Amino acid sequence: MLPPFRFLALSAFALAAAAAAHAQSSEIVATVTDSQGKPLADAVVVAVPADRAARATGKPRDDAIFQVDKEFVPKVSVVLVGTSVAFPNNDSVRHHVYSFSSAKKFELPLYQGVPAQPVVFDRPGVVVLGCNIHDWMVAYVYVSESPHFAKTGADGKATITDVPARAYVVRVWHSQLDGDEARTERPLTVARGRPAEVAWSLAVKPEVRVRRAPGARSSGSY
Ligand SMILES: [Cu+2]
């Protein structure tokens with residue numbers, strides 16, 4: 001145990017350090033719509049320091065993608081490279097989760113409950129997930145090389161918090177994006193204490209959906 005006065009001194013120091021860090025940082029508020037101006041949900045916004053020497057670092061936090069009523073939840077995840085993701089199956093039927101994407105090829109053969117080993121997403125890129133049993137099940141894991149990212153809500157807005165003040169290159173990705181993600185890149189300077197705003201109007205392709213098997217909504221046996 002630390003003597004109380006020392007504990008207080010440490011706390012005061014920690015608070016001052018946290019306040020200083022907060023004063024140095026700000027946030028990025030992004031708005032993403034389609035070309036008709038309709039808000040786009042589940043778009044991933046990433047900010048990468050413009051100066052590669054100032055490469056943003058961060059510590060990956062464990063994440064999870066559930067299977068609920070024969071769908072992946074959430075449908076779009078954004079994680080920092082190196083993140084471990086668990087795949088708990090909340091259904092009574094078995095799933096067989098896989099990806100053929102170059103950023104992460106893996107397979108979780110038919111299972112119930114929670115697979116013993118999480119999947120570590122160790123390369124940046126977009127990973128498309130499927131299920132061998134249920135063709136309509138699809139999910140996306142966006143593996144970001146930068147810890148500064150956020151996903152848009154139903155209003156098409158995403159806020160990246162705790163962004164150190166400096167120059168960035170920001171970009172956006174969406175599962176229906178028509179064209180190259182790199183073409184969405186643009187410079188954005190984040191000044192301390194003031195949110196930096198950015199907006200995109202994206203050309204999107206129609207969503208390709210595999211029809212669910214008849215009666216799939218009920219607790220089928222396959
Ligand atoms: Cu399945």
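Visitor: What should I know before I start reading?

Guide: Residues are numbered from 1 along each chain as its sequence is written. The model is predicted, so local features need pLDDT of at least 70, side-chain atom pairs count only at pLDDT 80 or more, and totals for chains, interfaces and linings use all residues, while side-chain values use heavy atoms, leaving out hydrogens and water.

Visitor: Which protein donors does the copper ion have?

Guide: Donors are N, O and S atoms within 2.8 Å of the metal (3.2 Å for Na, K and Ca); water is not among the atoms, so sites may look incomplete. Here they are His 95 (ND1), Cys 131 (SG) and His 134 (ND1), lying 2.0 to 2.1 Å from the copper ion.

Visitor: What spacing do the donors follow along the chain?

Guide: The spacing is H-x35-C-x2-H. Strands are DSSP runs of at least two residues, numbered from the N terminus. His 95 lies in strand E8 (residues 95–99) and Cys 131 in strand E11 (residues 125–131), so the pair ties together parts 36 residues apart in sequence.

Visitor: Is His 95 buried or exposed?

Guide: Buried means under 20% relative accessible area, exposed over 50%, partly exposed in between (1.4 Å probe, protein chains only). His 95 is buried, at 0%, and Cys 131 is buried too, at 2%.

Visitor: What order do the strands of the open sheet have?

Guide: Two strands pair if DSSP finds at least two bridges between them. The open sheet of 3 strands runs E14-E1-E17, with mixed pairing. Its edge strands, E14 (157–164) and E17 (196–202), each pair on one side only. Strand E1 (residues 25–34) pairs with E17 in the parallel sense over 7 bridges; Thr 31 has Ala 199 in E17 as its bridge partner.

Methods: Helices (H or I, at least four residues) and strands (E, at least two) are DSSP runs, numbered from the N terminus.
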